[in-house]
Amino acid sequence: MSTFFFAWLDYTTGGPPTFGPEHQVEDEKIVLCIIDTFNRIKPVRKKGGDLVEEDTLLAESFQKLVEATGLALMVVHHSNKKGTGGDSTDFLSSISGTEAITAGLHNAFKLSPDLDNKGQATLYVRGKDIES
């Protein structure tokens, strides 16, 4: 039996959310949680706030969700507007936000459209359990 916890990320309290019984669903069929998209759930930046600290708190709350539920977590996020880091060795630098967002990832994937070949794309992969 898997337990899935629903919680809205609220940083007005100064920390990650707590997961209580009022936010849970038990079902042995739940194995994956997909957050689509990251921008819809991330908190509004605090004026004068520490961007790395804010992203670190958010990343830690994702890790707590995974540890509490045993679920696989996929977070859909967009690349920055510059589109830097388009090659397979440095695509993590193209992820919008600070490096704290990607620091704790087990795996990262980037699907990049091929601008020369319409309908084609390249999938870049990096992960702790993935051979290079």
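These legends go with a set of close-up views of one predicted model.

**View 1. The whole chain, before zooming in.**
This is a predicted model, so keep that in mind for every view below. The protein has 132 residues, and 26% of them count as buried. Its secondary structure comes to 3 helices and 6 strands. Take the contacts with a separation of 6 or more: 51% of them come from residues 24 or more positions apart.

**View 2. The largest pocket and what lines it.**
About 1,100 Å³ of space lies in this pocket, the largest one. Its lining takes in 33 residues, and M74, V75, L105, N107 and A108 sit nearest the centre. Which elements supply at least two residues each to the lining? They are α2, β4, α3 and β5, with β5 covering 107-113. Helix α2 gives the largest share, 7 residues. Sorted by class, the lining of the largest pocket comes to 20 nonpolar, 10 polar and 3 charged residues.

Rolling a probe the size of a water molecule over the atoms shows where empty space is left. Searching the whole structure for cavities of 30 Å³ or more turns up 1. The largest cavity has a volume of about 40 Å³. Which residues line the largest cavity? Look for K42, P43, R45, E54, D55 and L58. By class, that lining splits into 2 nonpolar, no polar and 4 charged residues.

**View 3. D55, a charged residue of the cavity lining.**
D55 is one of the residues that line the largest cavity, and its place in the chain is helix α2, residues 51-69. Is D55 buried or exposed? D55 counts as buried because its relative accessibility is 3%, and the cut-off for buried is under 20%. Setting aside neighbours within four places in sequence, D55 touches R45, G97, T98, A100 and I101. R45 from that list is also part of the lining of the largest cavity.

L58 is another residue lining the largest cavity, and it lies in helix α2. With a relative accessible area of 2%, L58 is buried. P43, also in the cavity lining, is 15 residues from L58 along the chain, with 8.5 Å between their C-alpha atoms. S61 is found in helix α2 too, and at 3% relative accessibility S61 counts as buried. Where does the S61 side chain come up against the backbone of L58? A polar atom of the S61 side chain lies 2.6 Å from the backbone oxygen of L58.

**View 6**
The model has 2 aromatic pairs. One of them joins F38 and F62, with 6.2 Å from centre to centre and 65° between the planes, which makes the pair edge-to-face. F38 belongs to helix α1 (residues 38-41) and F62 to helix α2, so the pair ties together parts that are 24 residues apart in sequence. F38 and F62 are both buried.

**View 4. S94, in a loop but buried.**
S94 is found in the loop between β4 (72-76) and α3 (100-103). At 1% relative accessibility, S94 counts as buried. What does the side chain of S94 join up with? It makes a polar contact of 3.2 Å with the side chain of K110. N80 is 14 residues from S94 along the chain, and their C-alpha atoms are 5.6 Å apart.

**View 5. V31, out on a loop.**
V31 has its place in the loop between β2 (24-26) and β3 (32-36). Is V31 buried or exposed? V31 is exposed, because its relative accessible area is 56% and the cut-off for exposed is over 50%. Leaving out neighbours within four places in sequence, V31 is in contact with L71 and A72. V31 and A72 sit 41 residues apart in sequence, yet 6.2 Å separates them in space, C-alpha to C-alpha.

Technical notes. Residues are numbered from 1 along each chain as its sequence is written. This is a predicted model: local features need pLDDT of at least 70, side-chain atom pairs count only at pLDDT 80 or more; totals for chains, interfaces and linings use all residues. Side-chain values use heavy atoms; hydrogens and water are left out. On a 1 Å grid over the protein atoms alone, a cavity is a set of points where a 1.4 Å probe fits but cannot get out, and a pocket is an open set with protein on both sides within 12 Å along at least five of seven lines; lining residues have an atom within 4 Å of a point. Grid points are joined across faces, edges and corners, and a volume is the space filled by probe spheres set on the points. Ala, Val, Leu, Ile, Met, Phe, Trp, Tyr, Cys and Pro count as nonpolar, Asp, Glu, Lys and Arg as charged, and the others, Gly among them, as polar. Helices (H or I, at least four residues) and strands (E, at least two) are DSSP runs, numbered from the N terminus. Buried means under 20% relative accessible area, exposed over 50%, partly exposed in between (1.4 Å probe, protein chains only). Contact means heavy atoms within 4.5 Å. Rings of Phe, Tyr and Trp (its six-membered ring) pair if their centres lie within 6.5 Å; planes under 30 degrees apart count as stacked, over 60 as edge-to-face and the rest as tilted. A polar contact is a pair of N or O atoms within 3.5 Å; within protein, one must be able to donate a hydrogen and the other to accept it, and residues adjacent in sequence count only if both atoms are side-chain atoms.
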